[in-house]
Amino acid sequence: MLLAAIPSPTQGVWHLGPMPIRAYAFCIIGGILVAAWLTERRYVQRGGRPGVINQIATWGVPFGIVGARLYHVATSWQPYFGPGGSPIRALYIWEGGMGVWGAIAFGALGAWIGAKRAGVALPPLADAAAPGILLAQGIGRLGNWFNNEVYGGPTDLPWALTIHEWDQDAGRAVIGSDGLPVVLGTFHPAFLYELLWTFAAAAVVIWADRRFRLGHGRAFGLYVVLYTLGRLWIEALRIDTANTILGLRLNIWTSLIVGLGAAALTLWSARRHPGREDLSSASAPSCTPPPADAGSGRTAAG
């Protein structure tokens with residue numbers, strides 16, 4: 001059974017001298033780079049000014065990372081602030097634990113600040129960024145694979161995932177008395193389900209954006225709706241410890257509320273602002289003529 005399962009890494013941290021090299025961090029960075037590249041490409045294709053996305057990213061990315069960690073700590077506070085918890089570990093983002101809802105909320109706040117400073121509107125930026133964010137989320141999930149986390153219940157399906165007992169401090173699998181990594185069993189690869197779902201959702205958003213010329217935040221709204229639909233059933237598979245409300249994991253309730261809200265706002269946007277924004281004129285450099293000459297009443301020549 002174990003030979004037929006998907007293997008998991010037995011190590012997620014390597015050391016280059018005193019410097020730890022963490023696979024989780026590289027996956028997050030890789031996702032951010034892919035998202036920035038695709039967003040820049042899509043924004044320019046929509047008529048936006050080249051280079052704006054890099055300006056926005058300097059605000060959106062740090063805010064998003066902080067928000068992701070804050071959401072995780074706030075919704076899974078017991079290991080940090082509960083009995084026997086270690087508050088300082090709330091700062092250890094390299095150990096895993098990043099909440100996508102915090103990343104979206106705080107990332108949007110940072111992007112709004114960046115957009116205001118760059119003098120551009122936020123909704124077209126969000127529409128351009130939607131599929132890239134989905135790809136970034138999927139790539140980031142590979143970090144969970146290296147950390148042997150985010151998996152569902154036991155299974156012996158051909159795509160079952162081998163999970164090792166994990167030493168979080170060492171960043172590697174626990175070694176048994178036989179000198180081999182300790183295997184807990186084979187489980188549903190929830191991280192892989194989400195990766196595949198986000199990649200498929202990104203393709204749908206790109207297709208729908210081209211087919212229906214989505215604008216005024218509707219491509220971003222479609223991203224949120226598609227992601228929350230997938231998160232509902234993927235979250236229900238997970239067996240890691242999580243806080244619950246009325247017997248359901250907190251992230252399931254969050255997905256329901258956010259998804260319904262995004263659907264309503266997307267429909268409202270379609271009725272209120274049909275079509276897509278024209279960014280070509282708004283993004284072009286100013287060509288305001290010089291002031292008229294007071295004596296002749298003609299435009300002054302320079």
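Modeller: Tyr151 and Phe187 are both buried, where buried stands for under 20% relative accessible area, exposed for over 50% and partly exposed for the range in between, with a 1.4 Å probe and protein chains only. The model is predicted, with local features requiring pLDDT of at least 70 and side-chain atom pairs pLDDT 80 or more, whereas totals for chains, interfaces and linings use all residues. Residues are numbered from 1 along each chain as its sequence is written, and side-chain values rest on heavy atoms, without hydrogens or water.

Rings of Phe, Tyr and Trp (its six-membered ring) pair if their centres lie within 6.5 Å, and planes under 30 degrees apart count as stacked, over 60 as edge-to-face and the rest as tilted; the count by this rule is nine aromatic pairs. With 4.9 Å between the ring centres and 50 degrees between the planes, Tyr151 and Phe187 make a tilted pair. Because Tyr151 sits in the loop between α5 and β3 (161-164) while Phe187 belongs to strand β6 (residues 183-187), this pair ties together parts that are 36 residues apart in sequence; helices (H or I, at least four residues) and strands (E, at least two) are DSSP runs, numbered from the N terminus.

Trp207 and Phe212, by contrast, form an edge-to-face pair, 5.7 Å centre to centre with 90 degrees between the planes, and Trp207 is exposed, at a relative accessible area of 51%. Ring pairs also join Trp14, Trp145 and Phe146 into a cluster.
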